[in-house]
Amino acid sequence: MKISRLFIYDDYKGTRDYLKTQSRYELARTLLYFGISASLFIAGIIATGDRMNLLTIAAVLGCLPACKSAIDTYMFMRYKGCSSENADIIATHMEGLNGLYDRIFTSYSTNFRISHITVKGNTLCGFTEDANFDENAFNEHITVILQKDGFKDISVKIFKDIQKYTARLDQLRELDANEKNTAGIINTLNNVSL
């Protein structure tokens, strides 16, 4: 893993092992933020001999971004990304296609974990390793979001079987589709997912 990859959030969103890499980054950031607050608090006590000083106020205020970062850490650590075996299988079928790994779509009622999602023209298909995935609820959720961004008549299909998904990827490569919507749909998917 490249060090620069750790610090540039959007450059690798949707790439393989994104959730694992991002959870490590969020954990390191959280520890750093809490460390800064703790060091300010300790420095204030050492400098004044009392905890009632301006550095204590700065340390307490520094806990706000640290707590937000802790919540982000929890969100990323609670989900697993695409398994290595399935990611290897998918990679062999992705030539010429646009896809995203490790997407978590959140709604008011549930979260949808999709290991890999591919977009070509007005066709969006994905693979999930979540046995309890509710495809109908996801289709309704993502269709509304895409329509709000101006993408209409999008075909959505999520597979739970890796063989069926890779067969669909092979079909998509052969599909003669209008690619003008592909980049916009991928951008929307990245914006509305974890």
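## Basis of the model

The model is predicted: local features need pLDDT of at least 70, side-chain atom pairs count only at pLDDT 80 or more, and totals for chains, interfaces and linings use all residues. Residues are numbered from 1 along each chain as its sequence is written, and side-chain values use heavy atoms, with hydrogens and water left out.

## Helix 4 and helix 6

Helix 4 spans residues 84-91, and helix 6 spans residues 162-174. Helices (H or I, at least four residues) and strands (E, at least two) are DSSP runs, numbered from the N terminus. The two helices pack at an angle of about 20°, with their axes 10 Å apart. Axes are lines fitted to C-alpha atoms, for helices over the stretch in contact, and angles run from 0 to 180 degrees between N-to-C directions.

Helix 4 and helix 6 are therefore roughly parallel. Angles under 35 degrees count as roughly parallel, over 145 as roughly antiparallel, 65 to 115 as roughly perpendicular and the rest as oblique. Helix 4 passes helix 6 in a right-handed crossing. That term applies if the near helix is turned clockwise from the far one by less than a right angle; anticlockwise makes a crossing left-handed.

## Salt bridges

The structure holds six salt bridges. Each is a side-chain nitrogen of Lys or Arg within 4 Å of a carboxyl oxygen of Asp or Glu. One of them joins Asp88 and Arg16, at 2.5 Å from N to O. Asp88 lies in helix 4 and Arg16 in the loop between helix 1 (3-7) and helix 2, so the pair ties together parts that are 72 residues apart in sequence. Asp88 is partly exposed at 42% relative accessibility. Arg16 is partly exposed too, at 29%. (Buried means under 20% relative accessible area, exposed over 50%, partly exposed in between, with a 1.4 Å probe and protein chains only.)

Arg29 and Asp72 form another salt bridge, at 3.3 Å from N to O. Arg29 sits in helix 2 and Asp72 in helix 3 (residues 54-77), so this pair links parts 43 residues apart in sequence. Within helix 6, Asp170 and Arg173 are three residues apart, about one helical turn. Their side chains meet in a salt bridge of 3.2 Å, N to O. Asp170 is partly exposed at 27%, and Arg173 is partly exposed at 34%. Salt bridges that share partners also join Glu26, Arg29, Lys68 and Asp72 into one network.

## Buried residues

Leu169 is in helix 6. Leu169 is buried, with a relative accessible area of 0%. From Leu169 to Phe127 is 42 residues in sequence but 10 Å in space, C-alpha to C-alpha.

Phe133 lies in the loop between strand 3 (123-127) and helix 5 (135-148). At 7% relative accessibility, Phe133 is buried. Phe133 and Arg113 are 20 residues apart in sequence and 7.6 Å apart in space, C-alpha to C-alpha.

## A nonpolar surface patch

Phe41, Ile42, Ile45 and Ile46 form a nonpolar surface patch, with about 370 Å² of accessible area together. Patches are made of residues with over 30% relative accessible area and no salt bridge: like charges are joined within 9 Å, nonpolar side chains (Val, Leu, Ile, Met, Phe, Trp, Tyr) within 5 Å. Areas come from the Shrake-Rupley method with a 1.4 Å probe; for residues, only the protein chains shown count as cover.

Ile42 belongs to helix 2 (residues 18-48). Ile42 is partly exposed, with a relative accessible area of 48%.
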